[in-house]
Amino acid sequence: MECYFAFFLFAAVLSIQDSKSLKIDIPYSKVVARQGSNVTFKCSSNSINLMDSRVRWTKEGKNIEDNAKTRNKYGFQEGSNSFSLNIKNVSTQDAGEYECVVTIDSGGQQKEMKATRELQIFQKVMNINASQTNVTIVEGSTATLQCQLTYSEAINVSIFWLFEGKKIKARPLPKGDDKDIITIHATFLSLELTQATRKQSGIYTCGALSAGLRSAINISVNVTDAEGPELEIKGEAVQNFLKGNTTSLSCDAVFPEASFVDTFWTFNGSRIASNERRRKYEEYSLTRDDSNLTQHIQRRRLRLTIYDLRLNDTGMYTCNLNTSHGMAQENFNISVQTIDTTEDTKSAPFSGDSERDRGFTDTTVFISLGLFVAFLTTVMAIIVYLKLRSRRPILRRLPRFCLDNPQTTSRASVTFTSVAHE
């Protein structure tokens, strides 16, 4: 009795050891095949032999028999027993799970081992998905539209973007590997809208093309209106300067990013040329120190520097900001003077060109003096002439003998002189 029990226990241990050692290599594997190709499934085990083992292939629980389509092949060899199933000219009907089943008779008991082989018929994969199909952005901002493409490695694919049905972007992806029919790729397709305008509102289409396949998805974009531009004067709007000085006029501009921005200065309504030497225009960005400004808002300073101010620089200067959202203007009234009249404007108000007035006064004084001297010269000449004329009649009335007798003449001259003094 004890010997029988020991034998039974020993047989049970061997049976347990045999059941643990019974296995089929590669419990599961998958094959992807093109339609019309041939496929071979293989199984192998070191725990079977031709005498007490039976092998069969099944699909959906039904045994597969040898025929023109399928054929079983067994190759029991010492130390490595393998068997296979060959399927010719596969099609979609052949897709599914197959099992290789090994039945072993051991001590009056039957034991089965199974391994699964899956057959997939290659199908082109190309799908487009998008996480967001309705997008709203503010005019002037930048947004990126994105969709995801999933496709088979073995096919050649081209991607494209459409706007309102018209192509705006297209390119081929790297050429597919015709032999790699298992790998599935996933990639993102992106389209960036930079400084979007209201004209860019509409339907965008993200898609992909391959031989006989097309996949696409629509993304609706709505570009909302943004606030118009604003200008702020830095400093006084009315300013007085002395001739020859240098001054700078500045405006701060705040506006949404846009596809069109034009900043310029005008003088008395006429645009100042950018290549002028004496009037220099500058523009630079300011630090975003306003928490109320969103990311798509720009802040810039517009500056006009005027060197060597002249009298004809007096007038109205205007800084202009023109964008696709509207236009803004701010004015500076500038006055250029030759003297500083800011301290006593009531007693000596500024009027005209002082240098010109001073020159005119000097000329007037010079002319007046010249006329006065000429007048005195004329008067003196007339007096001398009249004196000389008054002497001629007296000389003519002198006796002739006085002229012939020198002594008489001398006496007469004395007499004449005396008469003249009287």
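Is lysine 234 buried, partly exposed or exposed? In this predicted model, lysine 234 is partly exposed, with a relative accessible area of 34%. Let us begin with this residue and follow its contacts.

Side chains of opposite charge can pair when their charged atoms come close. Aspartate 252 and lysine 234 make a salt bridge, with 3.8 Å between the closest N and O atoms. Lysine 234 belongs to strand S17 (residues 230–234) and aspartate 252 to strand S19 (residues 247–256), so this contact ties together parts that are 18 residues apart in sequence.

Taken together, Lys234, Asp252 and Arg301 are linked in a network of salt bridges.

The count of salt bridges in the model comes to 10. Another one of them joins the side chains of arginine 56 and glutamate 112, at 3.4 Å from N to O. Arginine 56 sits in strand S3 (residues 53–59) and glutamate 112 in strand S8 (residues 109–121), so the two tie together parts that are 56 residues apart in sequence. Arginine 56 is partly exposed, with a relative accessible area of 29%, and glutamate 112 is partly exposed too, at 47%.

Now let us turn to the aromatic rings. A pair of such rings is described by the distance of the centres and the angle of the planes. The model has 5 aromatic pairs. One of them brings phenylalanine 41 and tyrosine 98 together in a tilted arrangement, 5.3 Å centre to centre and with 45° between the planes. Phenylalanine 41 is in strand S2 (residues 39–45) and tyrosine 98 in strand S7 (residues 96–106), so this pair ties together parts that are 57 residues apart in sequence. Both phenylalanine 41 and tyrosine 98 are buried. Trp57 comes into the picture as well: ring pairs link Phe41, Trp57 and Tyr98 into a cluster.

Finally, charges and rings also meet each other. Arginine 34 places its charged end over the ring of phenylalanine 122, 4.8 Å from the ring centre. Elsewhere, the ring of phenylalanine 264 has the charged end of arginine 271 over it, 4.0 Å from its centre.

Conventions
Residues numbered from 1 in each chain as written. Predicted model: local features only at pLDDT ≥ 70, side-chain atom pairs only at ≥ 80, totals over all residues. Heavy atoms only, no water. Phe/Tyr/Trp six-rings, centres within 6.5 Å; stacked < 30°, edge-to-face > 60°. Helix = DSSP H or I, 4+ residues; strand = E, 2+ residues; numbered from the N terminus. Buried < 20%, exposed > 50% of the residue type's maximum accessible area, 1.4 Å probe, protein only. Lys NZ or Arg CZ within 6 Å of the ring centre and 35° of its normal. Salt bridge = Lys/Arg side-chain N within 4 Å of Asp/Glu carboxyl O.
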